[in-house]
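Subject: Structure handover

Hi,

Here is the structure I promised to pass on. My notes follow below it.

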Amino acid sequence: MTEMASPRAFLLLLPFLIFHALSQPETSIAPMEKTEQEALYMVIQGFVGQRWNGSDLYPDPCGWTQIQGVSCDLFDGLWYVTALSIGPILENSLECTEKPEFSPLLFQLKHLKTLSIFDRFSSHEQTSFPSSNWEKLAESLENLDLRSNQGLVGGIPADLGQLRNLQSLVLVDNSLVGELPVELGNLIQLKRLVLSGNRVSGQIPASLCNNLNQLLILDLSRNSLTGSLPSSLCRLSSLLKLDLNSNRLHGSLPPGLASLSHLSLLDLRNNSLSGLPSKSLVGMESLQVLLLSYNNPWGGSLLEFEWKNLRNLTTLDLSYMGLKGTIPETIASLKRLRYLALDNNHLSGNVSSKFAALPSLTALYLNGNNLTGKLEFPERFYRRMGKRFASWNNPNLCCNAAAMGRGSAAPHGVAQCKQDQEPSTNGSIANERVDDRSPDQNSGLLTSFLFPASSISGFWWGIVVQEVMVMFLSVMLL
């Protein structure tokens, strides 16, 4: 009996032992280095204000009192901060003070891999981007992401070029100025470089592309960059996305741009680029989105390009480019095309009916050109496109009335072709032909008081005049 009592007693005590073990602070198993903990408190305090007392609120920031936005990992049996996210990303994120600042102790978090600051520096209180000490994070930092900080000013630090393990550099919608530091070309592990929505000026340095063989995304859009596109862009053989829209770039596209065989998106809108893109884009078989609009005057003709090579193209925007000549039917052979904008150019000639056969096309903009002839699209095409089809401001373009179907309206701003309009017959007002004359030619007391001018013609006009005269004489004789 005595031998069996001991195991039974152990089984009775086992739940209490488990509860006691789980309720103990995690620091008893893996404590956090004291200097690391103090540095973390001071860094967060710089963003949320001096009244924030981390040691009281979060005595174990990597364990049972973990801070929102802080991630940790074990190194040699101790907890160290590996990720720090500041900003209103989650509902329970820490609220920042009106005057946030970077603490120099940030650079003592020697295992920090990810630093993210979102919407923390407002335009009312400007804060300078730290320009030094980044080399202290050279071995650890892999992701640096600063977004929507309108009060974050200064230049992009050249010291960022010392972050040899950096894989993602995202500085979006801040107020950074100055030129792009050539030292960014030293970030040989970089896969994503996004600096859009700042006030960066100057030329794109050639060194930026010389060694970045692993770069997948390059986005320098919405800045004030000038000069031409460097030929070194062509060495970014792994690039999937190139976005340089809304800058002040000029000149022609580098001929070697076609070597970017993996590129799926090319956005060069809102610049001052010119020249024919044929040699530059002919090899981009992976290209899905091509946006070149608002490069006026780009000029040239669409016939000089082998459009059939871009068989994977889904979006093509060539509006406001000063293009001339006719629309090549080869564009209508791009079976995956969903969006086509050729509006506000100087294009002429007919519109191919083959566009209606494109299975995925949902938007077609041809307005503001010199197109002529008849639109031969079937009724189901207009029904499918709806307001996403535009062809107005082409004075010599008309639509096929028979293809529109009974009761269907012509495309906005496009008249029915004259040879397709139904002729008028005496005694039938319902089939009366649309009057092409100026409204002023039919204006007057009669039309404004009794009937619209467009509803009165031929034999009925005489009867209406007689009736009005009888009414007038009857009133005078009373």
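E379 counts as partly exposed, because its relative accessibility is 29%. Keep in mind that this is a predicted model. E379 forms a salt bridge with R383, and the closest N and O atoms are 3.3 Å apart. Both residues belong to helix α6, which covers residues 379-385. They are 4 residues apart there, so about one helical turn separates them. R383 is exposed, with a relative accessible area of 58%.

Ring pairs link F377, F381, Y382 and F389 into a cluster.

**Other salt bridges**

How many salt bridges does a search of the whole structure find? The search gives 8. Two more of them are worth a look.

R164 sits in the loop between β6 (152-155) and β7 (168-172). E139 sits in the loop between β4 (127-128) and β5 (143-147). The two residues are 25 residues apart, and the pair links distant parts of the chain. Is E139 buried or exposed? E139 counts as exposed, because its relative accessibility is 57% and the cut-off for exposed is over 50%. R164 is partly exposed, with a relative accessible area of 44%.

The next joins K354 and E329. Here the closest N and O atoms are 3.0 Å apart. K354 is partly exposed, with a relative accessible area of 46%. E329 also counts as partly exposed, at 43% relative accessibility.

**The loop between β19 and β20**

K335 is found in this loop as well. Which residues does K335 contact, leaving aside its neighbours within four places in sequence? They are L358, P359 and S360.

β19 pairs with β21 (residues 346-349) in the parallel sense, over 3 bridges. If you want a landmark in the viewer, T326 stands opposite S348 in β21.

**Aromatic pairs**

A search of the whole structure finds 17 aromatic pairs. One of them is F129 with W134. The pair is tilted, at 5.9 Å centre to centre and 55 degrees between the planes. Are these two residues buried or exposed? F129 counts as buried, because its relative accessibility is 6% and the cut-off for buried is under 20%. W134 counts as buried too, at 0% relative accessibility.

Y339 and Y365 form another tilted pair. Their rings are 5.8 Å apart, centre to centre, with 55 degrees between the planes. Y339 belongs to strand β20 (residues 339-341), and Y365 to strand β22 (residues 363-365). They are 26 residues apart, and the pair links distant parts of the chain. Y339 is partly exposed, with a relative accessible area of 31%. Y365 is partly exposed as well, with a relative accessible area of 22%.

**The whole chain**

Now the overall figures:

- The protein chain has 9 helices and 26 strands.
- Of its 478 residues, 44% count as buried.
- Among contacts with a separation of 6 or more, 58% come from residues 24 or more positions apart.
- The protein chain exposes about 25300 Å², and carbon and sulfur atoms supply 53% of that area.

Best wishes

Technical notes:
Residues numbered from 1 in each chain as written. Predicted model: local features only at pLDDT ≥ 70, side-chain atom pairs only at ≥ 80, totals over all residues. Heavy atoms only, no water. Pairing = 2+ DSSP bridges. Phe/Tyr/Trp six-rings, centres within 6.5 Å; stacked < 30°, edge-to-face > 60°. Buried < 20%, exposed > 50% of the residue type's maximum accessible area, 1.4 Å probe, protein only. Salt bridge = Lys/Arg side-chain N within 4 Å of Asp/Glu carboxyl O. Contact = heavy atoms within 4.5 Å. Areas by Shrake-Rupley, 256 points an atom, 1.4 Å probe, with all protein chains shown as cover.
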